[in-house]
Amino acid sequence: MNWADCSAVERDTQRLSGVWLFRGTRVPLAALFENLHDDVSLSEFVELFPGVTTEQARLVLEHAARSTGGARIP
């Protein structure tokens, strides 16, 4: 998936081996999807990962849905 045009994320080859992170944090995007898979709510995820905002998480989910042809996240 191409995350380059999602404003909520960034990638720096000098940090965490260049994986996509929530902008301004060291939290990889994979953490969001893994937690949602484990039935952690979006609000719980934001509490568990300080620095990640609800807006960032929503933007990531919306980008993923658009990229995979899924529906908009409410």
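Predicted model: local features only at pLDDT ≥ 70, side-chain atom pairs only at ≥ 80, totals over all residues.
**Helix α3**
- Helix α3 covers residues 54-67, and its 14 residues should span 20 Å at 1.5 Å a residue; the end C-alpha atoms are 20 Å apart, so the two agree.
- Its buried residues are Gln 56, Ala 57, Val 60, Leu 61, Glu 62, His 63, Ala 64 and Ala 65.
- Just past the end of α3, Gly 69 has a positive phi of about 80 degrees.

- Take Val 60: setting aside neighbours within four places in sequence, Val 60 touches Trp 3, Cys 6, Ala 8, Val 9, Phe 22, Leu 29, Leu 32 and Phe 33.

**Aromatic rings**
- The count of aromatic pairs comes to three.
- One of them joins Trp 3 and Phe 33, a tilted pair at 6.4 Å centre to centre with 45 degrees between the planes.
- This pair ties together distant parts of the chain, as Trp 3 belongs to the segment before β1 while Phe 33 is in helix α1, 30 residues apart.
- Trp 3 has a relative accessible area of 9%, so it counts as buried, whereas Phe 33, at 33%, is partly exposed.
- Phe 45 and Phe 49 also make a tilted pair, at 4.7 Å centre to centre and 35 degrees between the planes.
- Phe 45 is buried at 0% relative accessibility, but Phe 49 is partly exposed at 22%.
- Together with Phe 22, Phe 45 and Phe 49 form one aromatic cluster.

**Thr 25, in a loop**
- Thr 25 sits in the loop between β2 and α1, and with a relative accessible area of 7% it is buried.
- Its side chain has a polar atom 2.7 Å from the backbone oxygen of Phe 22.
- A polar atom of the Thr 25 side chain also lies 3.0 Å from the backbone nitrogen of Val 27.
- Beyond its neighbours within four places in sequence, Thr 25 is in contact with Glu 10, Arg 15, Gly 51 and Val 52.

Key
Residues numbered from 1 in each chain as written. Heavy atoms only, no water. Helix = DSSP H or I, 4+ residues; strand = E, 2+ residues; numbered from the N terminus. Expected span 1.5 Å × (residues − 1). Buried < 20%, exposed > 50% of the residue type's maximum accessible area, 1.4 Å probe, protein only. Polar contact = N/O pair within 3.5 Å; in protein donor to acceptor, adjacent residues only side chain to side chain. Contact = heavy atoms within 4.5 Å. Phe/Tyr/Trp six-rings, centres within 6.5 Å; stacked < 30°, edge-to-face > 60°.
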